[in-house]
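Please walk me through this structure in plain terms.

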Amino acid sequence: MQFQRQSGVFLHLTSLPGPHGIGDLGAGARAFVDFLDRADQSLWQFCPFGPTASIHGNSPYQSSSAFAGNPLLVDLRKLVDRGYLAEGDIEPPEDLSQEHVNYDRVTEFKEARLQDVYATFDESVSDEDQQSFVEFCEREAGWLDDYALFTALKAEFDDAGWMDWPDDIRTREPAAMERYQEELADDIRYHKFVQWCFDSQWQALAEYATERDIGLVGDLPIYVGLDSADVWAHPEVFRLDDDHYPAEVAGVPPNPGDDGQRWGNPVYDWETLRANDYGWWVDRFERLFDLVDIARIDHFKGFDEFWSIPAEADDPAAGQWRDGPGAHFFETVRDRLGDLPFFVEDLGFLDESIVALRDQFGFPGMRVPQYADWCEEGHMYQPMHYPESAVGYTSTHDTDTIVGYYRGLSDRQRDCLHYNLGTDGEEINWDLIEAVWNSNAVVAMTTMQDLLGLGSEARFNVPGTATGNWQWRVTDAALDADIAERLRQVTDRTIR
């Protein structure tokens, strides 16, 4: 077990407090790190932080890049401090909320500010920053060049997906690549500049957290979005046809009570990846671990076996199980990168082969009390039965809050929960925090919503819905010293 008994809080970056309608890498992020420090927490977990798009509901799990950072997270105040913007330039419009993210409005506001900064960058930048920018572009060229060109091309073609671009650039013919690189040179450089801003601000925040002994827990979706720089730039990594369109897409099979799901993400060509020592994945992990200390692997099942659906089929039942890369993948990555600090999402797929793969590498799986049958003795999702090799969550980004979940329980389940936890439910959020913290799970995690005792109105995401998600934000005032102190006491009492 490479993790120690510890605990932390989940709060996505967009949910941080701040003046510009969305969380960012500035003062609000540091205020949250200070909150964690006061609460004696050692981990901060968040969703993927790549660029998002309104066409995908601004989901962090449908990003245009597995490597880039979200431009909306760049802190404008830091750009003022560096002399790139004037104080008046970042006065937020009155219609930017402190409690919810209006992505369209935030995008309009922040992109205009970033464009203004870039327009004067060469005249106003210090020699030190100019050198830092050049070095960043050279160091990250392996993904940055393709991402910046891809993003510039998206704008050139009115935000059309790359599958609908002219054939020559869709299939990356050398002459077309050279022509567009020349025609869009300034736009390409702008997108590199924004990524440099993100990266430099992120590294400063990560250092601030490290100084307070707080580790950053990132999230690794196993699949990438179809309309992404990754699929366009690396068609060999995926199961595409000769014209670069998906041959097979990801999903999950039908189960009793549901029809399965067709996600639409292209699946990997694991045979080709294996022949190249999983080079694209190694690059992806290296970039991720430049930015975070631990990663949660979403849909870990896909590395054991994955449900592959013919691209022309709408029915998930048309798919079949295919073998994933298994232990060979993680052995190869470990040989290249050393220790693999992973949590894995194994909810709902606990068959013998995935358990064996998970345990072979000592990856803690997930336990969430909202999946418990409180009336079944010894149920695996009751906190008193969590194994040490687990990460216990009070709730996740995909579940309801504790209070919302509790309100929706049947009378029988609620009575059994009361009996098991020895509570009347008056402070059910703290009852379940205590139970998860007191469990044997090596890591215990809660959410900011659960610490605040909020109901379903503060739920972050409802899987299978396209709108209304990823919007909730915490305010400065809610990072309350009394709540931090109470969490500190629970943490100290449960020896985390």
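Cys 197 counts as buried because its relative accessibility is 2%, where buried means under 20% relative accessible area, exposed over 50% and partly exposed in between, with a 1.4 Å probe and protein chains only. Cys 197 is part of helix α8; helices (H or I, at least four residues) and strands (E, at least two) are DSSP runs, numbered from the N terminus. Leaving out residues up to four places away in sequence, Cys 197 touches Val 74 and Leu 79, contact being heavy atoms within 4.5 Å. Between the C-alpha atoms of Cys 197 and Ile 297, which are 100 residues apart along the chain, the separation is 27 Å.

A word on the source of these values. This is a predicted model, in which local features need pLDDT of at least 70 and side-chain atom pairs count only at pLDDT 80 or more, while totals for chains, interfaces and linings use all residues. Residues are numbered from 1 along each chain as its sequence is written, and side-chain values use heavy atoms, with hydrogens and water left out.

Next comes the nonpolar interior. A nonpolar core is a set of buried Ala, Val, Leu, Ile, Met, Phe, Trp, Tyr and Cys residues joined through side-chain atoms within 4.5 Å. The largest nonpolar core has 133 residues, and those that touch the most other members are Trp 44, Trp 202, Tyr 268, Trp 281 and Phe 330. Helix α8 gives the most to this core, with 12 residues. Phe 330 is in contact with Ile 297, Phe 300, Phe 303, Leu 340, Phe 342, Leu 357, Phe 361 and Phe 363, when its neighbours within four places in sequence are left aside. There is also a second, separate core of 25 residues, with Met 366, Trp 374, Val 391 and Leu 417 among them.

Two buried residues in loops can be looked at in turn. Ile 22 sits in the loop between β1 (6-10) and α1 (27-38). Ile 22 is buried because its relative accessible area is 0%. Beyond residues up to four places away in sequence, Ile 22 touches Thr 14, Leu 16, Leu 72, Val 101, Tyr 103, Val 106, Lys 110 and Arg 473.

Thr 401 is found in the loop between β11 (390-393) and α15 (402-407), and Thr 401 counts as buried because its relative accessibility is 3%. A polar atom of the side chain of Thr 401 lies 3.4 Å from the backbone oxygen of Gly 455. Not counting residues up to four places away in sequence, Thr 401 touches residues including Gln 370, Ser 395, Gln 449, Asp 450 and Arg 459.

On a 1 Å grid over the protein atoms alone, a cavity is a set of points where a 1.4 Å probe fits but cannot get out, and a pocket is an open set with protein on both sides within 12 Å along at least five of seven lines; lining residues have an atom within 4 Å of a point. A volume is the space filled by probe spheres set on the points, with grid points joined across faces, edges and corners. The second largest cavity holds about 70 Å³ of space, and its lining has 2 nonpolar, 7 polar and 2 charged residues. In this scheme Ala, Val, Leu, Ile, Met, Phe, Trp, Tyr, Cys and Pro count as nonpolar, Asp, Glu, Lys and Arg as charged, and the others, Gly among them, as polar.

How many cavities of 30 Å³ or more are there? The count is 5. About 270 Å³ lies in the largest cavity. Its lining is made of 21 residues, and the closest to its centre are Pro 48, Ser 65, Ala 66, Pro 221 and Arg 284. Helix α11 gives the most to this lining, with 4 residues.

The open spaces remain. The largest pocket contains about 1500 Å³ of space. Among its 50 lining residues, Gln 261, Trp 263, Asp 398, Pro 463 and Gly 464 lie nearest its centre. Strand β5 provides the largest share of this lining, 4 residues. The second largest pocket has a volume of about 920 Å³, and its largest share of lining, 6 residues, comes from α5.

Methods: Polar contact = N/O pair within 3.5 Å; in protein donor to acceptor, adjacent residues only side chain to side chain.
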